[in-house]
Amino acid sequence: MEAFYKNYTDLIKTRYQNYRQLAINNNGDGFAKGIELFWRDKKTIKNIDYWVSYSFLDSKRNFQEYDQSLFPNFASKHTLSFVAKKFVTNWKTGFNLSYSYASGRLFYYFNTDNDGNYHLQQQGKAKDYNALNFSVNYLPGLGKKDAKYFTVLVLAVNNILGQKNIYGYQFSNDGLRNKPILPSANTFVFIGAFISFGIDRTEDAINNNL
């Protein structure tokens, strides 16, 4: 368990001028505080390695176009992840399942006055983020003595349930229209091979695809 507090000073403030956003000073400030929890267990369930992580964030920033202290639109207040791994030695294959959750991000629209100063006009909250992921790792060289290279074959599917996740919204200049910020694909499939020479990077290759 870890608690944290961060204080920010001298953040950039901006103004809309000559049809573009310009930095005008470093009078912005803010803070971030919260708690992070991590639990990993390899013993309770036989042949299953799993871990759970959770973080809570409370933050306010007055920077860039913000005209007041607001929760930043790039962060989530609550995030949760769960990962479970099982390796079947006889098959030289590992199976991995993970779930990720993040509370919806806030979004804002700022209009500008005749002097180019920003003013908050609209705000809202995007839907919560959810993704269930699955991957299989095959180690063809497992058990070979004096191996000079190490190979991991990977099949990974992210967001196998096809959740329609939204990261936020982009607004038109007049604020009358908006469109959601979406991932490049709702479900992503990766097939690949990782080969390392001299040093066994098998565990790194597997963990990077959870």
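Predicted model: local features only at pLDDT ≥ 70, side-chain atom pairs only at ≥ 80, totals over all residues.
Select I48 and display its contacts (heavy atoms within 4.5 Å): beyond residues up to four places away in sequence, I48 touches D41, K42, K85 and K86. I48 is in the loop between β2 (20–41) and β3 (49–62); helices (H or I, at least four residues) and strands (E, at least two) are DSSP runs numbered from the N terminus.

Residues are numbered from 1 along each chain as its sequence is written, and side-chain values use heavy atoms, with hydrogens and water left out.

Next, select Y109 and F171. Their rings form a tilted aromatic pair, 5.4 Å centre to centre with 35° between the planes (Phe, Tyr and Trp rings, the six-membered one for Trp, pair with centres within 6.5 Å; planes under 30 degrees apart are stacked, over 60 edge-to-face, the rest tilted). Y109 lies in strand β6 (residues 106–112) and F171 in strand β10 (residues 168–171), so the pair ties together parts 62 residues apart in sequence.

Move to Y129 and Y167, a stacked pair at 6.2 Å centre to centre and 20° between the planes. Y129 belongs to strand β8 (residues 129–138) and Y167 to the loop between β9 (149–158) and β10, so this pair ties together parts 38 residues apart in sequence.

Finally, select F63, Y66, Y108 and F110, which form one aromatic cluster. Within that selection, Y108 has contacts including Y66, L70 and F171.
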